[in-house]
Amino acid sequence: MVFASANIGFKQDVPQEQNVFLEDPVMVSVLERYLPEKILNEISPDLIQISDWSNTEGAALTARMEEDQPRLRQYDSWCRRVDELLVTEAWKKQKEIAAREGVVAIAYERKYGEYSRMYQMAKLMLWTSGAGLYSCPIAMTDGCARVLELNGTQEMKETVYERLISRDPKKFITSGQWMTERAGGSDVGRTETQAVWDETRKCWLISGFKWFSSATDADVTMLLARTHDSNPSATPGSMRDGSKGLSLYLANVRDGDGKLNGVRIHRLKDKVGTKALPTAELELDGMIAQQVGDNYRGVKNISAILNITRVYCGMGCTAAMQRFILAVKEYARRREVFGALLKDQPLHLATVANMELQYRATSQFTFYCIAMLGRIESLDNNLPRVKDQDIPLLRLLTPILKVWSAKNAFAMSQEAMECFGGQGYMEETGLGRAMRDVLVNTIWEGTTNVLSLDVLRVMAETGGDALDLFAESVRGILAPLKDQPQWSKSARSLEDCLALISHHFTTYATLETRNFLEASARGLTFAMADVISGALLCQHAAWSAVKAQANPSNSIVASEASVDRISAQRWCEGLEKKLSFQIGGLGSETRYDEDKLMLFGLADARTSHTITVQVPIASKL
């Protein structure tokens with residue numbers, strides 16, 4: 001036997017990059033169910049080519065962006081403040097490609113009506129792995145476009161909106177979203193940035209400090225500021241407190257000469273991940289801006305942005321999970337351990353099957369929300385289905401989708417790393433960077449706790465109507481399946497889960513039990529995601545079965561139907577017990593006081609008394 005050396009001995013068969021659209025049966029099947037056949041046939045070549053691009057040019061651009069991360073040059077050689085943000089040419093190239101590929105434009109051209117969003121988001125899923133975090137400014141740009149479409153002036157639409165949705169790289173511009181301040185990002189009521197009306201120049205002047213600016217190199221930005229009363233008879237400097245004093249503003253990041261518009265870049269943020277994305281602390285001093293929408297309607301007006309960006313989170317997390325599961329399966333086909341390939345080993349199979357199931361459920365939930373967004377944007381909002389169901393339901397589901405998909409994606413990134421063993425822990429595989437990058441979704445646009453409380457807020461503000469609408473929607477999905485014997489058990493399980501959620505909320509939605517309800521908000525949010533995803537899995541499996549019956553000689557279609565049925569039934573099996581623990585596990589009538597005592601009560605009691613520590617004599621020697 002020849003001894004091993006650097007060039008002699010075992011060499012692992014290297015996993016190969018795949019065209020994700022062609023290799024992932026889940027995505028194709030979901031699109032086939034939602035889209036008319038003619039539309040799917042028309043867009044499929046574009047989805048295939050963008051997936052190829054992500055594996056080739058996109059991968060090369062991403063590598064260069066990671067190697068040459070953004071830098072800040074604050075002063076020139078003559079000690080003049082310049083605040084020059086330096087990004088690699090690869091980052092600039094991504095902007096050109098984003099315009100050319102229409103990753104924003106597709107949604108607003110509305111060539112396919114309500115299905116345009118579905119097409120755009122499917123393309124974004126395949127594009128994002130090669131975009132190297134350029135999906136962040138694209139999300140901001142998309143959100144800004146939607147707000148201006150709804151609330152912008154005619155001038156804003158002509159000078160800004162048309163460029164945000166352009167396919168011309170020379171015309172296309174991107175938008176930032178500067179909301180987060182030192183007091184926090186989610187608690188916008190504590191915003192310190194102020195807007196003062198300049199009567200001479202007929203514009204607003206924005207001054208303040210933004211602690212975290214997404215897409216710092218954007219061309220325009222949207223931001224919240226506390227509005228000074230512009231009425232001449234008002235007391236100078238008078239403002240409203242809290243979120244009711246905020247308005248939404250649009251500003252050019254640079255003026256006509258290319259100089260920063262009242263912006264000083266304090267420093268770039270040193271983040272755990274997303275390092276190729278320039279993010280900074282900004283000081284604003286007289287930034288010229290225009291108000292978007294009415295005075296003091298800032299929080300309401302950014303709701304359109306939040307719907308878009310939260311769906312982007314769901315899409316991005318689903319895309320990450322898609323890549324993880326395909327990579328893990330490709331490696332399992334090639335990696336031999338203890339005399340057998342990983343794909344044939346029971347424990348590994350069980351582990352990856354759980355990952356696959358989570359990806360399938362997340363995909364169903366994500367595309368369900370995307371379909372609603374497409375209808376809201378393209379159909380008459382006075383139609384009963386849109387007005388009474390889609391609009392209020394999407395408001396409830398977007399924070400649930402964002403929270404749940406972010407947790408799922410990060411958990412899967414860790415499992416995927418383990419599935420590669422020691423090789424997964426090496427930076428060269430890209431799994432470490434992917435884990436760090438996907439983690440941001442649990443924090444950006446609201447942490448798990450913040451958005452779980454937002455779900456409770458929606459329920460409270462609607463007097464429970466949002467919860468009723470959720471239950472009706474789940475039952476509507478399941479209605480065609482109840483009379484089918486193979487689905488009766490799953491449908492009954494989901495119905496029991498709905499009853500559990502409803503009972504928990506209605507029982508504890510009182511002032512006296514508020515702490516109990518808040519403590520279980522996470523569990524309640526995850527439970528709602530589990531239930532609607534289960535219903536969608538069942539619906540998809542039933543559709544798949546009908547397709548198989550219509551194609552009895554097609555073995556692939558038959559296999560797909562079997563896998564869809566197994567996935568749905570496995571998801572719903574024992575779901576009520578899981579949800580009971582999720583909801584009740586973090587809340588009980590004494591839990592709040594016990595938690596305070598365990599975490600802070602004992603420590604506070606100890607610090608309130610002087611404790612004499614006897615030092616052993618031996619330690620003094």
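The end C-alpha atoms of residues 466-573 lie 26 Å apart, and this span is 84% helix and 0% strand. The model described here is a predicted one. In UniProt, an unreviewed entry annotates residues 466-573 as "domain: Acyl-CoA dehydrogenase 11-like C-terminal".

**Annotated spans**

The table sets out the secondary structure content and the end-to-end C-alpha distance of each span.

| Residues | Helix | Strand | Distance between end C-alpha atoms |
|---|---|---|---|
| Residues 177-286 | 0% helix | 45% strand | 18 Å |
| Residues 297-459 | 76% helix | 2% strand | 22 Å |
| Residues 466-573 | 84% helix | 0% strand | 26 Å |

**Salt bridges**

Across the whole structure, 43 salt bridges are found. One of them joins Asp530 and Lys578, whose side chains meet with an N to O distance of 3.4 Å. Asp530 belongs to helix α18 and Lys578 to helix α20 (residues 575-584), so this pair ties together parts of the chain that are 48 residues apart in sequence. The two partners can be described by their accessibility. Asp530 counts as buried because its relative accessibility is 1%, whereas Lys578, at 38% relative accessibility, counts as partly exposed.

Several charged residues are linked through shared partners: Arg110, Arg117, Asp142, Arg146, Glu149 and Glu377 are joined by salt bridges into one network. Within this group, the side chains of Asp142 and Arg117 meet in a salt bridge at 2.8 Å, N to O. Asp142 lies in helix α7 (residues 135-151) and Arg117 in helix α6 (residues 116-131), so the pair connects parts that are 25 residues apart in sequence. Asp142 and Arg117 are both buried.

A further salt bridge is formed by Asp83 and Arg81, with 2.6 Å between the closest N and O atoms. Asp83 is buried, since its relative accessible area is 2%. Arg81, in turn, is partly exposed because its relative accessible area is 37%.

**Aromatic rings and charges over rings**

The aromatic pairs come to a count of nine. One aromatic cluster is formed by Trp197, Trp204 and Tyr249. The charged end of Lys269 sits over the ring of Trp211, at 3.6 Å from the ring centre. Likewise, the charged end of Arg182 sits over the ring of Phe209, and the distance to the centre of that ring is 4.2 Å.

**A nonpolar surface patch**

On the surface, Val2, Phe3 and Ile8 form a nonpolar patch that has about 350 Å² of accessible area together. Phe3 is found in the segment that precedes α1 (20-23). Phe3 counts as exposed because its relative accessibility is 66%, and the cut-off for exposed residues is over 50%.

**Selected residues in helices and their C-alpha distances**

Lys547 is located in helix α18 (residues 521-550). With a relative accessibility of 17%, Lys547 counts as buried, because the cut-off for buried residues is under 20%. Between Lys547 and Ala558, which are eleven residues apart in sequence, the C-alpha to C-alpha distance is 8.5 Å.

Asn354 lies in helix α11 (residues 346-378). Its relative accessibility is 48%, so Asn354 counts as partly exposed. The C-alpha atoms of Asn354 and Met412 are separated by 9.7 Å, and these residues are 58 residues apart along the chain.

Arg100 is part of helix α4 (residues 89-101). Arg100 is partly exposed, because its relative accessible area is 40%. Arg100 and Leu397 are 297 residues apart in sequence, and their C-alpha atoms are 32 Å apart in space.

How values were computed
Residues are numbered from 1 along each chain as its sequence is written. This is a predicted model: local features need pLDDT of at least 70, side-chain atom pairs count only at pLDDT 80 or more; totals for chains, interfaces and linings use all residues. Side-chain values use heavy atoms; hydrogens and water are left out. Patches are made of residues with over 30% relative accessible area and no salt bridge: like charges are joined within 9 Å, nonpolar side chains (Val, Leu, Ile, Met, Phe, Trp, Tyr) within 5 Å. Accessible areas come from the Shrake-Rupley method with a 1.4 Å probe; for residues, only the protein chains shown count as cover. A salt bridge is a side-chain nitrogen of Lys or Arg within 4 Å of a carboxyl oxygen of Asp or Glu. Helices (H or I, at least four residues) and strands (E, at least two) are DSSP runs, numbered from the N terminus. Buried means under 20% relative accessible area, exposed over 50%, partly exposed in between (1.4 Å probe, protein chains only). Rings of Phe, Tyr and Trp (its six-membered ring) pair if their centres lie within 6.5 Å; planes under 30 degrees apart count as stacked, over 60 as edge-to-face and the rest as tilted. A charge sits over a ring if NZ of Lys or CZ of Arg is within 6 Å of the ring centre and within 35 degrees of the ring normal. UniProt positions are given in the numbering used here, feature names are shortened, and annotations may be inferred rather than shown by experiment.
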